[in-house]
Amino acid sequence: MKNYLLIVFLFGATTIAKSQQEISYTVSFPNAVHHEAEVSMTIPNVPANAPLKVRFARSSPGRYATHEFGKNIYNLKAFDTNGKPLKLKQPAGDVYEITKANGKIKVTYTVFGNWIDGTYAGFDETHAHMNIPAVFAFPIGMDKKPRTVKFNFTGKADWKVATQLKALGNGVYYAKDFQYFMDSPIEISNYKKASFEVKNTNGKTQTIHLIAHSEDDEMTVFNYANMLKKVVDEQKAIFGELPTFDDGNYYFLHCVHPSYAGDGMEHRNSTVIVQRTPKIGGYENNLLGTFSHEFFHAWNVERLRPRTLEPFNFTQANISDELWLAEGFTQYYGNLALKRAGFRNLEDISRVFGGLVNSVINSPGAKNFTPVQASRYAVFADAGVAVDQTNQRNIFTSYYTYGAAVGLALDLRLRTDFKLILDDYMKALWKAYGKTEIAYTIPDLEKTLASLTKKPVFAKQFFNSYVYATKKEDYASLLLKAGLVLQKSSAGKAYTGIGRLEVNQGKVTMPATLVGSPAYIAGLDIEDVILKADGSDIKTAKDFEAVTEKHQPGETIEVVYSRKGVEKTTKLTFIENPSLEVLPIENTGGTLTAEMKVFREKWLESAVK
């Protein structure tokens with residue numbers, strides 16, 4: 001009995017000590033219909049008479065550009081232990097300072113949220129959808145302190161909480177520190193849930209949960225979870241094992257409605273997926289791509305992580321050299337896993353490969369800038385907001401597609417030259433840097449490739465040519481190994497390089513023009529209004545297309561246009577359309593050899609044993 005009492009006493013003392021150290025939040029939604037939440041933050045043990053700074057984030061896990069979350073915060077107040085109001089300064093838009101803090105400090109504020117995606121927050125009468133950096137303030141210098149959060153949704157008896165945060169009971173959720181808390185999105189709603197178990201290679205079983213806030217019945221959600229299981233199994237086969245999820249659980253937080261923004265955002269043990277369809281049912285195959293991409297991140301980025309993202313900086317954007325692998329290889333495998341799982345056919349995956357190759361061969365960004373440079377531009381491109389025009393179309397190719405094309409090339413080179421596959425490379429990276437959670441650099445990636453192939457010269461050549469420089473692989477010969485033909489999709493057709501023409505009140509207006517294209521060389525630029533082409537009046541986009549179709553590459557026409565109200569004339573010389581596509585050889589009239597068939601099957605068919 002004495003021992004029992006001692007244990008109870010010690011447990012109670014530990015609990016009290018722990019609670020004294022935690023930064024605790026409470027969140028309520030009395031005005032959710034108008035997209036507001038009320039947040040209270042209690043900070044314990046603030047040193048006497050020391051200035052205390054409290055701030056809001058400017059970046060978010062999974063995002064690489066800055067976002068001003070502080071703009072949606074108002075009514076912020078601070079109180080001392082006795083509830084007495086404290087004076088506040090605001091030295092920056094997202095920073096508040098209490099000049100004389102002491103003991104337990106309480107901060108309260110209102111947050112507005114009406115943007116449902118993976119980055120921001122949204123509150124209404126149907127749910128509370130929270131990305132943590134968009135909602136929660138934090139004291140500067142207390143990152144190691146644990147966090148707890150309690151939700152009050154009085155009047156919403158059917159609401160339930162879904163999050164990777166640890167449930168402590170009585171509606172309280174726990175994070176071990178600041179970084180973990182900020183990486184733990186939350187969905188509160190009358191969601192539907194379907195779960196399945198996956199046995200890991202160590203014999204331990206983990207549970208994957210589909211949390212669906214959508215207009216679907218339970219059977220639809222259950223059946224969709226079964227589809228997800230096939231994707232999970234294929235991705236597990238790529239790495240040889242699942243990651244070890246905290247508490248053995250992983251959550252897909254899925255919100256579906258046509259009014260939502262649409263997004264996918266990975267986190268350590270969960271992912272937020274927001275999609276703009278009426279519901280899941282009837283759209284299952286179209287929705288799977290985001291799920292496949294985001295779940296691959298459970299390995300690649302969340303644990304197999306670039307050193308440039310460590311530690312994640314919530315006051316500004318981390319600039320990273322490695323997003324071509326972190327996001328690009330994820331993009332490649334997201335599509336490949338769907339083909340292997342049976343949710344994409346050969347024509348589907350061929351179109352994907354054609355899009356990747358076309359992007360890196362024909363876009364100015366990939367011609368003139370490296371995958372590393374594309375990765376670094378993410379601080380401006382990743383949902384970053386600007387009111388001024390940029391030259392992005394000519395200087396940036398997405399690290400998603402650029403990196404996926406590098407992954408495609410490396411996969412085919414390994415298969416062709418080394419009797420290896422890209423899965424082997426991902427397993428090697430996982431073993432060295434992912435499972436161990438040792439953040440990597442690009443030299444680490446090269447070293448692993450050298451070790452895997454036992455050819456340091458090959459690894460050096462590959463990185464020097466295709467990662468640090470702008471050289472492109474011979475995709476045509478590599479794809480042909482699998483009986484896939486890379487060819488021009490509009491051979492012999494005239495091409496101007498003009499993208500989508502905008503038509504407004506009868507004015508046909510130019511988009512930004514591509515460097516080196518006929519339109520660019522002719523001096524045409526964004527917002528020029530096309531008046532005539534080859535003597536024909538241009539009133540619609542189809543009028544201009546009709547003129548183009550009448551001509552051959554090499555022919556020249558006169559274009560009359562208006563720039564800022566001044567009429568001008570230029571000469572435009574057509575070239576052959578450079579657009580590329582990938583087709584199965586049997587669809588081109590060619591013969592699929594037995595060797596091609598075996599290569600293709602080993603590459604594109606299920607890897608689950």
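## Around Gln164

Gln164 touches Tyr180, Asp183, Ser184, Pro185, Tyr251, His267, Arg268, Asn269 and Ser270, leaving aside residues up to four places away in sequence. Keep in mind as you explore that this is a predicted model.

Is Gln164 buried or exposed? Its relative accessibility is 5%, and buried means under 20%, so Gln164 counts as buried.

## Polar contacts of Gln164

The side chain of Gln164 reaches the backbone oxygen of Asp183 at 3.2 Å. With Ser184, the link runs from side chain to side chain: a polar contact of 3.1 Å joins Gln164 and Ser184.

## A charge over a ring

Now turn to Lys160 and Tyr191. The charged end of Lys160 sits over the ring of Tyr191, at 4.4 Å from the ring's centre.

## Aromatic pairs

How many aromatic pairs does the model have? The count comes to 41. One of them is formed by Phe245 and Phe295, with 6.3 Å from centre to centre and 55° between the planes, which makes the pair tilted.

This pair links distant parts of the chain, as its two members are 50 residues apart. Phe245 is in the loop between helix 3 (218–239) and strand 16 (249–256), while Phe295 belongs to helix 4 (residues 284–296). If you look for them in the structure, you will find that both Phe245 and Phe295 are buried.

Methods:
Residues numbered from 1 in each chain as written. Predicted model: local features only at pLDDT ≥ 70, side-chain atom pairs only at ≥ 80, totals over all residues. Heavy atoms only, no water. Phe/Tyr/Trp six-rings, centres within 6.5 Å; stacked < 30°, edge-to-face > 60°. Helix = DSSP H or I, 4+ residues; strand = E, 2+ residues; numbered from the N terminus. Buried < 20%, exposed > 50% of the residue type's maximum accessible area, 1.4 Å probe, protein only. Lys NZ or Arg CZ within 6 Å of the ring centre and 35° of its normal. Polar contact = N/O pair within 3.5 Å; in protein donor to acceptor, adjacent residues only side chain to side chain. Contact = heavy atoms within 4.5 Å.
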